[in-house]
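Colleague: Could you take me through one part of this model in detail? I would like a close look at the place where the two chains come together.

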Amino acid sequence: MGLTWLMGLLLIATVAASAWLLWLILRDVSPGPGTEKALLWIEVGLVVNLVAGVIRPFVQDAEGVSMPTWIGYLVTTAVLIPLGYIWSVKERNRGGTGVLLVAVVTIPVLLVRLGQIWTLRG
Amino acid sequence: MASTTTGLGRVLAFVYGIFAISATGRSSVQLLTKFDEAPIPYLLSGLAALIYIVATWALLTDRAGIALVAVAVELVGVLAIGADSVWRPERYDDATVWSGFGDGYGYVPLVLPIVGLIWLLRRQFGSAAPAAADR
């Protein structure tokens, strides 16, 4: 199965975080320290996932998986939140939260694609 | 008029930035390794990447005029390539960011320029309270 349990966990966490950020935008509230901590933990998980993903071809059969694509997607999942943070730091309003939402909501899509890339070998 | 680097403009710049990086990466790999296989779609990928880079830069530097042109060209591009790839799919064995109207990217390449155009045009020709709309 393409998705590891960690990827599954991150998928759930990032979908939940996206829903939360959307809620903040609708209520015009800036993310507080609780939200920021949650995003930090998600980011830690994504970095661990990146390392695990780099090791994976050495412990499981990865025949037919395009390595540049595999690594590229993994790296992207791990840089989106930091990039979103940098982009939104000057914008303590809906625009800034919107940037974070875009960053966070892209991650589950990439995780699903990673699962597909691994199983479908394409 | 509010700068294009605030509010929705900042979100647009971020999305365009992600697409610029991703399209540049993808088309570079395609052009460098498989140019002989399908040159036209890969060149189109490169063109798309260039337009995304221009759009990102224009939004970040508050150049609304250039952003408007880039976004308009992008919309024409995704509609034209999307239509051509549906009509003549054999020309596009390897997907480019605009083939299938951006279906490989959740149709974001189609929705993005539409949102961008609406936002930029409203900003330009907006009603009495254009700036209030994106606060």
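Modeller: Happy to! Buried area here is the accessible area, taken with a 1.4 Å probe, that two parts lose on being put together, summed over both. Keep in mind that this is a predicted model. By that definition, chain A and chain B bury about 1,100 Å² between them, and 70% of that area is on carbon and sulfur atoms. Chain A brings 14 residues to the contact, while chain B brings 12. On the chain B side, B:Arg10, B:Val11 and B:Phe14 supply 55% of the area that this chain buries against chain A, more than any other three residues.

Now for the helices. Helix α3 of chain A (residues 67-88) packs with helix α1 of chain B (residues 8-34) at an angle of about 145 degrees, and their axes are 11 Å apart. The crossing of this pair is right-handed. From α3(A), the residues that meet α1(B) are A:Leu80, A:Leu83, A:Gly84, A:Trp87 and A:Ser88; their partners in α1(B) are B:Arg10, B:Ala13, B:Phe14 and B:Ile18. Sorted by class, this helix contact has 6 nonpolar, 2 polar and 1 charged residues.

Of its 37 lining residues, the closest to the centre are A:Tyr73, A:Leu110, A:Arg113, B:Ser22 and B:Tyr105. The helix that gives the most to the lining is α1(B), with 11 residues. By class, the lining divides into 19 nonpolar, 13 polar and 5 charged residues.

Definitions and conventions. Residues numbered from 1 in each chain as written. Chains lettered and ligands numbered in written order. Predicted model: local features only at pLDDT ≥ 70, side-chain atom pairs only at ≥ 80, totals over all residues. Heavy atoms only, no water. Axes fitted to C-alpha atoms, helices over the stretch in contact; angles between N-to-C directions. Helix = DSSP H or I, 4+ residues; strand = E, 2+ residues; numbered from the N terminus. Left-handed = near helix turned anticlockwise from the far one by under 90°. Contact = heavy atoms within 4.5 Å. Nonpolar A, V, L, I, M, F, W, Y, C, P; charged D, E, K, R; others polar. 1 Å grid on protein atoms, 1.4 Å probe; cavity = no way out; pocket = protein on both sides within 12 Å on 5 of 7 lines; lining within 4 Å.
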